[in-house]
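Work through the following exercises with the sequence and the model open beside you, and try each task before you read its solution.

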Amino acid sequence: MTTPLSEKYRPNKFSEIMGQNLAIDKLKAFFNSFNMKLAKKKAILLYGPPGTGKTTLAHVLAKEVEYELFELNASDLRNRAKLDEILKPSTLQKSLFSKGKIILVDEADGITSTEYGGLAELIALIEKTKFPMVITANDIWQQKFSLLRQKCELVALKEVRYEIILEILKEILEKEVKNVELDLLKSIAAKSRGDLRAALNDLQSVIYNNNIGEFNEKDIGEREKNLDIFNAMKNIFKCKTTKETTEAYDNVQMETDQISLWLEKNIPTEYHGEDLARAFEALSKADIFKGRIYRQQHWRFMEYQNFFLTAGISAARRIKSNAESFTKYQQPTRILKIWMNNQNNARKKTIAEKYAEYTHTSRKRAMKDFFLISLILNNESAKKLDLSEQEKDFLEERKNSLRVMHGLNRFAEKKV
Amino acid sequence: METNHSSNIWTEKYRPSNFEDVFGQDEIVKRVKNLVGSINIPHMLFSGPAGIGKSTLAIIVAKELFKEFWKENYLELNASDARGIDVIRQEVKNFARTKSLGSVPFKIIFLDEADALTKEAQHALRRTMENYTGTCRFVLSCNYSSKIIDPIQSRCVVFRFKLLEKKDVAKVILKIAEKEGLKIDDRAIQVLYEGSEGDCRRAINLLQASASISPIITEEIINILLSSAKPKDIRVVLDYALAGDFEKAREKLLDVMLKESISGTDVIKAIQKEVWNLDVEPHIKVKLTEKTGEIEFRLVEGSDEFVQLQALLASFVLVGLGKN
């Protein structure tokens with residue numbers, strides 16, 4: 001098996017990396033301030049589309065400063081136990097063989113947010129670590145990363161420019177002593193859409209398949225570029241509504257539900273009055289089609305859902321907006337709020353369930369009357385319902401806060 | 001019955017355990033008692049609002065029929081909690097598989113809140129009822145018998161429970177107050193009855209919650225409990241919207257929905273009622289109500305309640321702007 005070209009020609013020095021100067025400067029600055037204990041954050045989060053050099057940057061940093069790179073591929077470490085085992089010792093002891101250690105958590109997108117506690121553990125680790133940490137990810141705007149984003153210095157990596165990719169391809173061909181037509185090389189560079197690794201893989205498949213003549217441009221899979229959500233929103237909210245508007249999300253690698261949440265959050269900052277009502281009317285109609293897709297499995301309705309989410313919202317604007325003006329789009333918070341509420345409600349739910357079973361009533365009604373129930377239940381009935389210690393504590397706390405909140409304690413003094 | 005009397009939850013402790021103790025449903029009690037006396041009881045449908053004795057009567061039927069074996073021969077399911085009709089059928093199947101204990105040749109399955117089942121699920125239930133007629137009798141309860149499909153109604157003897165009158169609820173309350181050493185006056189009983197809307201379970205819960213604060217039950221305490229237990233913030237949401245502050249309105253709406261764990265449909269109902277109290281011209285109220293109805297329809301068709309409710313808020317904002 002041949003080594004992938006992308007591995008074989010991975011840069012070893014910062015000077016060999018092309019087109020990411022800004023990111024390199026920020027990475028160096030982070031490392032220096034960490035060592036001088038000036039860094040506000042202990043981890044740096046390199047994010048950007050695939051094949052832009054995130055992992056490479058971490059490797060090069062380690063080589064340049066002669067630190068040991070302790071690498072974790074997060075996709076392989078999906079559970080807390082493993083993260084514990086591998087990450088914890090490295091943060092608590094100093095490296096034996098080199099000046100120091102850098103921890104690399106590669107492809108953080110693969111870490112689960114809740115089930116095994118992967119992200120929670122990672123965040124705990126950032127708080128504890130004595131070594132600088134480098135984390136890479138493609139899409140950091142997912143809800144699950146909100147806490148991680150706060151804990152890290154954020155550095156965006158841009159797609160590698162077409163000219164740079166073409167230049168690198170030419171250099172490598174020369175080193176490999178191979179020949180490929182310039183036109184084909186150009187088309188590889190163009191189709192990679194800024195993903196250098198993809199370009200190199202395509203090049204490899206061309207030069208090591210002896211029958212170059214049969215090479216078809218279609219073989220180079222159309223690389224979807226991750227045009228980020230901000231651009232899409234700018235497109236929707238600020239640009240003229242044209243046929244292209246309906247393609248606004250084609251390159252956004254995000255579920256439609258998530259996109260809809262972004263829109264919902266940001267419509268009121270862009271639109272007011274009639275525009276606002278029209279935009280929400282469009283969002284509402286998109287949601288109706290989504291409901292129909294779910295219920296009837298009629299997937300063609302996605303066309304209409306997308307239409308309302310793009311052109312529908314874009315055309316809601318009647319007051320001309322300045323396409324050049326800058327809006328800082330907010331990320332959606334609704335799902336997080338619901339999630340946090342559910343966490344709070346989880347204990348309430350288990351208590352209501354036990355109460356419902358004991359009193360021949362429905363859980364729904366028990367939840368509805370929980371205010372009264374929490375006052376009614378005492379130690380003895382808690383025993384009858386077989387409440388756990390945590391459930392009892394929860395009740396006790398709630399009971400006290402209810403009494404204070406509604407000024408009920410003033411009645412307590414009286415005796416019959 | 002022996003366990004119930006030591007219970008600290010009064011709705012259980014004072015749940016009647018024989019026909020004579022049931023208040024306010026004399027006619028029904030007489031008929032059911034006769035059926036139980038003849039041993040061969042039919043399927044039954046208990047219909048009526050919450051907290052008037054439907055579950056209680058079902059339990060008494062089981063106790064009178066099976067005596068010491070009542071717990072073995074009685075299965076209670078709640079249709080609004082069970083996840084779908086398949087779960088219910090599975091539980092029925094497991095329960096009906098074994099023969100009844102004792103001399104009565106069948107078991108009793110009590111399916112509470114059967115009107116929470118969809119039409120399709122009710123048809124499946126009908127088949128289940130037929131399959132196990134040899135070994136089981138079904139007692140179904142519902143708030144509205146109109147929500148139960150005809151084929152099921154025709155297989156059941158239907159009992160329509162009356163809303164409890166004030167004197168019946170008062171009798172229960174006074175009995176409990178006496179046993180628990182509480183002091184309560186007529187005014188407090190009146191508020192208790194009105195606040196619980198004839199729902200005896202709720203009246204007892206209110207009484208016990210008040211008693212957990214003070215043994216002297218006053219109108220004032222009950223009123224505090226009543227107002228704290230009722231969501232009242234929908235008006236605030238609408239006021240923000242009419243004043244043009246869309247973001248505040250929706251933030252408040254989400255808070256209310258999460259805090260009170262109420263559904264989108266509940267919100268719509270509350271909004272629809274509140275529209276008449278708003279300070280706008282009648283023709284605008286008509287427009288808002290039309291929009292509210294449209295959104296209620298969309299809640300059924302769509303997938304994300306909160307998106308639909310925001311659309312409604314946006315149209316309230318628009319109306320608010322036109323007003324000024």
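**Exercise 1: strands of chain B**

Describe how S2(B) is joined to strand S3 (residues 107–112) of chain B.

Solution. S2(B) and S3(B) pair in the parallel sense over five bridges, where two strands pair if DSSP finds at least two bridges between them, and strands are DSSP runs (E, at least two residues) numbered from the N terminus. Within this pairing, B:Leu75 has B:Ile109 in S3(B) as its bridge partner.

The model is predicted, so local features need pLDDT of at least 70 and side-chain atom pairs count only at pLDDT 80 or more, while totals for chains, interfaces and linings use all residues. Residues are numbered from 1 along each chain as its sequence is written, and chains are lettered from A and ligands numbered from 1 in the order in which they are written.

**Exercise 2: a strand of chain A**

Decide whether strand S3 (residues 101–106) of chain A is enclosed or open.

Solution. Six of the six residues of S3(A) are buried (20 or more other C-beta atoms within 10 Å of their own, with C-beta atoms placed from the backbone), so the strand is largely enclosed by the rest of the structure. On one side these are A:Lys101, A:Ile103 and A:Val105, and on the other A:Ile102, A:Leu104 and A:Asp106. Finally, three bridges join S3(A) to the parallel strand S4 (residues 133–137) of chain A, in which A:Met133 stands opposite A:Ile103.

Conventions. A residue is buried if 20 or more other C-beta atoms lie within 10 Å of its own, exposed if 12 or fewer, and partly exposed in between; C-beta atoms are placed from the backbone. Helices (H or I, at least four residues) and strands (E, at least two) are DSSP runs, numbered from the N terminus.
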